[in-house]
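Please look over the structure shown here, and keep the sequence at hand while reading. The paragraphs after it go from one part of the chain to the next.

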Amino acid sequence: MSSSIFSFIRLRAQFIKEILSVLRDPRSRMVVFVPPILQLLVFAFAATLEVRNVDIAVYNQDAGRWSHELVQRLNSARFITQVRHVDSQRYLHELIDRGEVIAALAIPVDFSRTIAAGDSGRTQVLVDGRRSNSGQITVAYLSTIAADVSAEVVPDAQAPTPVVVRHWFNPNLVYRWFIVPGLTGILALFSALLITSLSIARERELGTFDQLLVSPTSTPEIIISKSLPALAIGTLLGLFMISAGVFLFRIPFTGSFGLLLASLVLFILSVVGIGLMISAVSMTQQQAILGAFAIGVPAVLMSGFATPVENMPVVLQWLAQVIPLTHFLIIVEGSFLKAMPPGDILASLWPLAVIALATLTMATVFVRGRLQ
């Protein structure tokens, strides 16, 4: 009984030491606390899939009514900053080559005459393929403008019934409703990863790791004491960012907070195991930070945050399933917007539990190898 109490006292002392090491070290405070908060505020507005404030070039060779109407619609479009009129096809190409416009329209000389004859007028659209995603969205916007002009050309035509689109869960396509929940997982990932990656590396760099080896503290106590601060701080940061999404960015939260909290804890635990492995093989804090980013950046790219996992090759789809962020993003985004049923949450929760068990087991092996 006394040994158990003594072990608990050692564990508590180690936990307090780890918390104080993070809070007292200026470098740790800057790495762990400041970037996630700033990044949440900046990325929530900067990371957007909307196309705004772009320039469009127009080479209008037609002097008729309908080309003038099309240009006027472009001038009044909210996503366009400036419509740049050019007088040659060559200059049109130069503007795109220099990246000064994202797209260009070449209106032929017979555009209005063709429409007046009852045919469909055609324009050429040139898009900057270097900005493929923004270019595709711009083309969709321009197609909508062209469709409006076409409806004015033949107002009484028996056109087919248009498709009525309704966007479930995000009716107005507010990108912050999608971006902020995803940022919660990404920033919590890097916070927990950096805290645990720095833990053993800090001890080794400061010369206190040898004292830890000769202390009566057991390997499980060392691992738990290194894990608990990251779990506590990572969970608190995750809860702070979830609260910011609800109260600051006014994103509707319709799911179960209890299940989201359990998912967040399991997610942080799985990341803690990865961080401990990085810390065990790092000799300095600089190596630990580089190792954390070497693991974290590919994890974000393959998690489905920016592009769907289903779009990746089959091998990468399987690899994405062992990344904890892949499963947590499904849970956090579903909890915010779509009131994800408990059954669907559990379908993504049990892989998190398996990944957490696997990473913590491997971390125990890595740390025990270092201690021996």
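Predicted model: local features only at pLDDT ≥ 70, side-chain atom pairs only at ≥ 80, totals over all residues.

**Aromatic pairs, a strand and a cavity**

Phe-253 counts as partly exposed, because its relative accessibility is 25% and the class of partly exposed residues lies between the 20% limit for buried and the 50% limit for exposed. The ring of Phe-253 has a partner. There are 5 aromatic pairs in the structure, and one of them joins Phe-253 to Phe-336. A pair of aromatic rings is described by the distance of the centres and the angle of the planes. For Phe-253 and Phe-336 the centres are 5.3 Å apart and the planes make an angle of 85 degrees, an edge-to-face arrangement. Phe-253 sits in the loop between H10 and helix H11 (257-281), while Phe-336 belongs to helix H14 (residues 324-337), so the pair links distant parts of the chain, 83 residues apart. Phe-336 has a relative accessible area of 0% and is therefore buried.

Which other pair joins helix H11 and helix H14? Phe-267 lies in H11 and Phe-328 in H14, so this pair ties together parts that are 61 residues apart in sequence. Phe-267 and Phe-328 are stacked, with 4.5 Å from centre to centre and 5 degrees between the planes. Phe-267 and Phe-328 are both buried.

The loop between H10 and H11 also holds Arg-250. Most residues other than glycine have a negative phi. Arg-250 has a positive phi, near 60 degrees, and is not a glycine. With a relative accessible area of 61%, Arg-250 is over the limit and so counts as exposed. A second residue of this kind is Asn-53, with a positive phi of about 55 degrees although it is not a glycine. Asn-53 is found in the loop between helix H3 (34-46) and S1. Is Asn-53 buried or exposed? Asn-53 is exposed, because its relative accessible area is 63%.

Strand S1 (residues 54-60) runs parallel to S3, and 5 bridges join the two. Within this pairing, Tyr-59 has Ala-106 of S3 as its bridge partner. S3 also pairs with strand S4 (residues 124-127), here in the antiparallel sense and over 4 bridges. Ala-106 takes part again, with Gln-124 in S4 as its bridge partner.

How many residues of strand S3 (residues 103-107) are buried? The count is 5 of its 5 residues, and the strand is described as mostly covered. Ala-103, Leu-105 and Ile-107 point one way from S3, whereas Ala-104 and Ala-106 point the other way, and all of these are buried. The C-alpha atoms of Leu-105 and Leu-126 are 6.4 Å apart in space, although the two residues are 21 residues apart in sequence.

The next topic is empty space inside the model. Rolling a probe the size of a water molecule over the atoms shows where empty space is left. The count comes to 1 cavity of 30 Å³ or more. The volume of the largest cavity is about 40 Å³. Which residues line the largest cavity? Its lining consists of Glu-18, Val-22, Ile-195, Ser-199, Arg-202, Lys-226 and Pro-229. Helix H1 (2-24), helix H8 (175-206) and helix H10 (219-248) are the elements that give two or more residues to this lining. The largest share, 3 residues, comes from H8. Sorted by class, the lining has 3 nonpolar, 1 polar and 3 charged residues.

Last comes a record to set beside the model. In an unreviewed entry, UniProt lists residues 174-195, 228-251, 257-281, 288-306 and 349-367 under "transmembrane region". Two of these stretches can be compared with the model. Residues 228-251 are 88% helix and 0% strand, with the end C-alpha atoms 30 Å apart. Residues 288-306 are 79% helix and 0% strand, and there the end C-alpha atoms are 26 Å apart.

Methods. Residues numbered from 1 in each chain as written. Heavy atoms only, no water. 1 Å grid on protein atoms, 1.4 Å probe; cavity = no way out; pocket = protein on both sides within 12 Å on 5 of 7 lines; lining within 4 Å. Points joined across faces, edges and corners; volume = space filled by probe spheres on them. Nonpolar A, V, L, I, M, F, W, Y, C, P; charged D, E, K, R; others polar. UniProt positions renumbered as here; feature names shortened; annotations may be inferred. Buried < 20%, exposed > 50% of the residue type's maximum accessible area, 1.4 Å probe, protein only. Pairing = 2+ DSSP bridges. Phe/Tyr/Trp six-rings, centres within 6.5 Å; stacked < 30°, edge-to-face > 60°.
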